[in-house]
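My notes follow in the order I checked things.

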Amino acid sequence: MKTYYRTHNLGELRIADIGMKVTLSGWVDTKRDLGGLTFIDLRDREGKTQIIFHTDYTSSETVELAQKLRNEAVIRIEGIVRERENKNPNMPTGDIEIIAEKLEVLNNCDVLPFQISNEESLSENIRLRYRYLDLRRAQMARNLKMRHKMIMAIRSYMDERGFLDIDTPILTKSTPEGARDFLVPSRTNEGEFYALPQSPQLFKQLLMISGVEKYYQIAKCFRDEDLRADRQPEFTQLDIELSFVEQKDIMNEIEGLAKRVFETVTGEKADYDFPRMPYKEAMERYGSDKPDTRFGVELKDLTNLVKNCSFNGFRSVIEAGGVVKAVVAPGVAEQFSRKNLSDYEEYVKTYFGAKGMAWLKITPEGINSPIAKFFSGDELNEIVKATEAKIGDIIMIIADRAKVVYGALGAVRLRIGKELGLINNDEFRFLWVVDFPMFEYDEEEKRYKAQHHPFTSIKEEDMNLFLNGEMEEIRTNSYDLVLNGSEIGGGSIRIFNPEIQSKVFERLGFSTEEAREKFGFFVDAFKYGAPPHGGLAFGIDRWLMVMLKEQSIRDVIPFPKTNKGQCLMTEAPSKVDEKQLEELCLKSVDKK
């Protein structure tokens, strides 16, 4: 669109445009002064174009004005396109340049807190404080554009497949869904609170009861939980629900969506059927319910092999119901010192609660290990055989409760993969993980919780276990989509029988009154003809982060929070006026 400010964008002009008179506007990206000749790379969202200010073509006053420009000043120029003598193959517009005839300074720029065109690493706090400047950087501008393309690909696919885009409330009822709710006090209902939705879970199921049949929404969700590199207090979720479907129907539908989005963002095709792995197998082989399958280093079970050994560190754990498992770090026996191994041991102790980590170095001279003296030669050889270790490898072993062993060794496996360069970072691998447990025991609260959520349906073959009051081995009709070791989406077939739903609440320790208070409106709806239904939700931000190979989720969100949940740009959260608190019947309390 031609306007007063531009006839073309700054990534558009080519050799075919030579001789054309053009008007361009944008930000001064870089500037080079050579006496009566000034070069400026002018930048906008679409790219850069080189502008030349020369006294042979431009008034001396205009050249002087150009020489005074600072980087990031906003200017408008008029000029003629000509072929560039020293072409730049790294710029799409590198074959041409503009001989400027007129210059208008639309806005000057103050001293910058950092150089926009500098691609060197910057302090994240500085980047977040001046996010509006950070978003001008090439990497961040690309990420914003890719986020837009991703959303458009989703909307196009969902529309083609007959889904309705329906929004659900942001102010809703507080219900126990796993994380803490963000609460919003109601001014007009004294002493009562709304909650911001952790997900639209209840509403999308109600939409199925409403007869919508195919629903989706790109929804804002909120969870008041501890943050990390791939988690934010507010995040964007692609929420999907379908009626009259089985698990395979949903997975096939979603696989088509995932392939469309993946190709749109990465330019690559995922032209294969995504593998499907039961949760139990994923944990036993990889120590994770979201395994990175781009490399090996799988967990090996030594429990039966060492249950009668003389090493009490293993034997006592097994007698208490624990397990002993190992991973092999290939080819590092010479380069890994005791300090390196101590670092791994502290890592599993600090972050995963393991009591320790044993190790065996396989050297040409034999096995080197502080625990070797507790084992016979045959026993050591059996361990080496079971782990498939070779000369030059190190066997790392953890003995503990199964949950601790899986978490710790799964993390050790990933660390080995990254530190030893075993992961092909140019490769993408999708994987379905299915059949998650219905319940998991919370050691802190000393009770069972729903591993996904309490509306997940139980596999038909495990229903008798559930009805008989068992908790440990019950599997669900559930599925998570994993990409390169990150869970990008997950869902399940839902319970649509009100009696089964009430019994699940009972198993989770809710009294009839508590279940009624929290979910009464929801359970009531199921009395009026609920269809079989199920769905899935994608974490848009995390999915995009993985596809763009970014290390932090904050690099794909326009205005993210820090690890403390703060917005450094707007200085939120912040204190509010006492009068505002009084209107809400609230009082600020100093917890110190």
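I am working from a predicted model. I counted disulfides and got 0. Next I looked up Cys221, which is in no disulfide. Its nearest cysteine sulfur belongs to Cys567 and is 19 Å away. The cut-off for a disulfide is 2.5 Å between sulfur atoms, so a gap of 19 Å rules that pair out. I then checked burial. Cys221 has a relative accessible area of 0%, so I list Cys221 as buried. Cys109 is buried as well, at 15%.

**Salt bridges.** How many salt bridges does the structure hold? I found 51.

I started with Lys48 and Asp29, whose closest N and O atoms are 3.0 Å apart. Lys48 sits in strand β3 (residues 47-54) and Asp29 in strand β1 (residues 21-34). The two are 19 residues apart, and the pair links distant parts of the chain. Lys48 is partly exposed, at 33%.

Then I took Asp134 and Arg127. Their side chains form a salt bridge at 3.0 Å, N to O. I noted both Asp134 and Arg127 as buried.

Asp462 lies in the loop between β19 (447-450) and α13 (463-467). Arg475 lies in the loop between α13 and β20 (478-483). Asp462 is buried at 6% relative accessibility. Arg475 is partly exposed at 30%.

I also checked for shared partners. Asp29, Arg43, Lys48, Glu72 and Arg136 are joined into one network by such salt bridges. My Lys48 and Asp29 pair therefore belongs to that network.

**Arg131.** I found Arg131 in helix α3 (residues 131-134). Its relative accessible area is 2%, so Arg131 counts as buried. What does the side chain of Arg131 meet? A polar atom of that side chain lies 2.8 Å from the backbone oxygen of Pro558. I listed the other contacts too, leaving out residues up to four places away in sequence. Arg131 touches Met140, Arg554, Asp555, Ile557, Pro558, Phe559, Pro560 and Met569.

**Helix α6.** Helix α6 covers residues 247-266, which makes 20 residues. From first C-alpha to last, α6 reaches 28 Å, close to the 28 Å expected at 1.5 Å a residue. I looked up the buried positions of α6, among them Ile250, Met251, Ile254, Leu257, Val261, Phe262 and Val265. Gln247, Glu253 and Glu255 are buried in α6 as well. Just after α6 comes Gly267, with a positive phi of about 80°.

**Helix α9.** I finished with α9 (residues 312-319). Its buried residues are Phe314, Val317 and Ile318. Where do they fall around the axis of α9? They fall within an arc of 95°, so they line one face of the helix. I then asked what they pack against. The answer is α8 (303-306), β13 (323-329), β14 (358-363) and β16 (394-400). Just after α9, Gly321 takes a positive phi of about 95°.

Key:
Residues are numbered from 1 along each chain as its sequence is written. This is a predicted model: local features need pLDDT of at least 70, side-chain atom pairs count only at pLDDT 80 or more; totals for chains, interfaces and linings use all residues. Side-chain values use heavy atoms; hydrogens and water are left out. Helices (H or I, at least four residues) and strands (E, at least two) are DSSP runs, numbered from the N terminus. The expected span of a helix is 1.5 Å times one less than its number of residues. Buried means under 20% relative accessible area, exposed over 50%, partly exposed in between (1.4 Å probe, protein chains only). A salt bridge is a side-chain nitrogen of Lys or Arg within 4 Å of a carboxyl oxygen of Asp or Glu. A polar contact is a pair of N or O atoms within 3.5 Å; within protein, one must be able to donate a hydrogen and the other to accept it, and residues adjacent in sequence count only if both atoms are side-chain atoms. Contact means heavy atoms within 4.5 Å. The arc is that of the directions from the helix axis to the C-beta atoms.
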